[in-house]
Amino acid sequence: MDDKKYWNEFYNKTGTLNECSNFCLFTMKYMNDQNININNVLDAGCGNGRDSYKLIEKYKLTGIDNSNFIPESKNGSIFSCNDFVTYDKSGYDMVYSRFTLHSITDEQQDIFFDSIKPNTYLAIEARSCKGQSEDKYHGETHFRNYIDLEKLKNILLKKEFEIFYEFEGNGIAVYKKEDPICVRIICMKK
């Protein structure tokens, strides 16, 4: 099954979830605690909008996803079916990327990082290569490009990002019986 078809079926079946992710809450708290002024957020790979709806409580938001499932716009938010890799990221204070970085190839990651403009924050949560052999709740019917934290940090530093926060471990993205090992990074392009 190709990935676009997989995600179209997944979101059409599950609809919009009511609860945002732990990463969304973490990111919002981090920005607040660090007194970082964020106004415009791009939710790159917004999926069913579960985190977008929490983010729009505080920020102006644009959510884009490659799937054809488009969440309902609320509070001035804008959602569209688009390629978050090449999407124009001008005018955003933060690009939010939860569980999207591991859904694209290394080449697409390179394009994605290059498309982020200077003085833009990037918040990433993705599955770590350290958990690649674990059982997956949603199976293995879609592409996963597991992230090596050290490799990712080196790429970001070469692309002139300043890393403010990093974490690798489990207990942060628990879903039903699944507790994947994930990486988190908060950084800003210089």
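## A bridge between Lys 159 and Asp 114

In this predicted model, a salt bridge (a side-chain nitrogen of Lys or Arg within 4 Å of a carboxyl oxygen of Asp or Glu) joins the side chains of Lys 159 and Asp 114, with an N to O distance of 2.8 Å. The pair links distant parts of the chain, 45 residues apart: Lys 159 is in the loop between helix H5 (149-158) and strand E6 (161-169), and Asp 114 is in helix H4 (residues 106-115). Helices (H or I, at least four residues) and strands (E, at least two) are DSSP runs, numbered from the N terminus.

Lys 159 is buried, at 17% relative accessible area, whereas Asp 114 is partly exposed, at 44%. Buried means under 20% relative accessible area, exposed over 50%, and partly exposed in between (1.4 Å probe, protein chains only).

## Further pairs

Lys 153 forms a salt bridge with Glu 166, their closest N and O atoms lying 2.9 Å apart. This pair also links distant parts of the chain, with Lys 153 in helix H5 and Glu 166 in strand E6, 13 residues apart. Lys 153 is buried at 14%, and Glu 166 is partly exposed at 38%.

Within helix H2 (residues 22-33), Lys 29 and Asp 33 are four residues apart, about one turn of the helix. Their side chains meet in a salt bridge of 2.5 Å, N to O.

## The whole structure

The search of the whole structure finds eleven salt bridges. Arg 98, Glu 125 and Arg 184 are linked in a network of such bridges.

## Basis of the values

Residues are numbered from 1 along each chain as its sequence is written, and side-chain values use heavy atoms, leaving out hydrogens and water. Local features need pLDDT of at least 70 and side-chain atom pairs count only at pLDDT 80 or more, while totals for chains, interfaces and linings use all residues.
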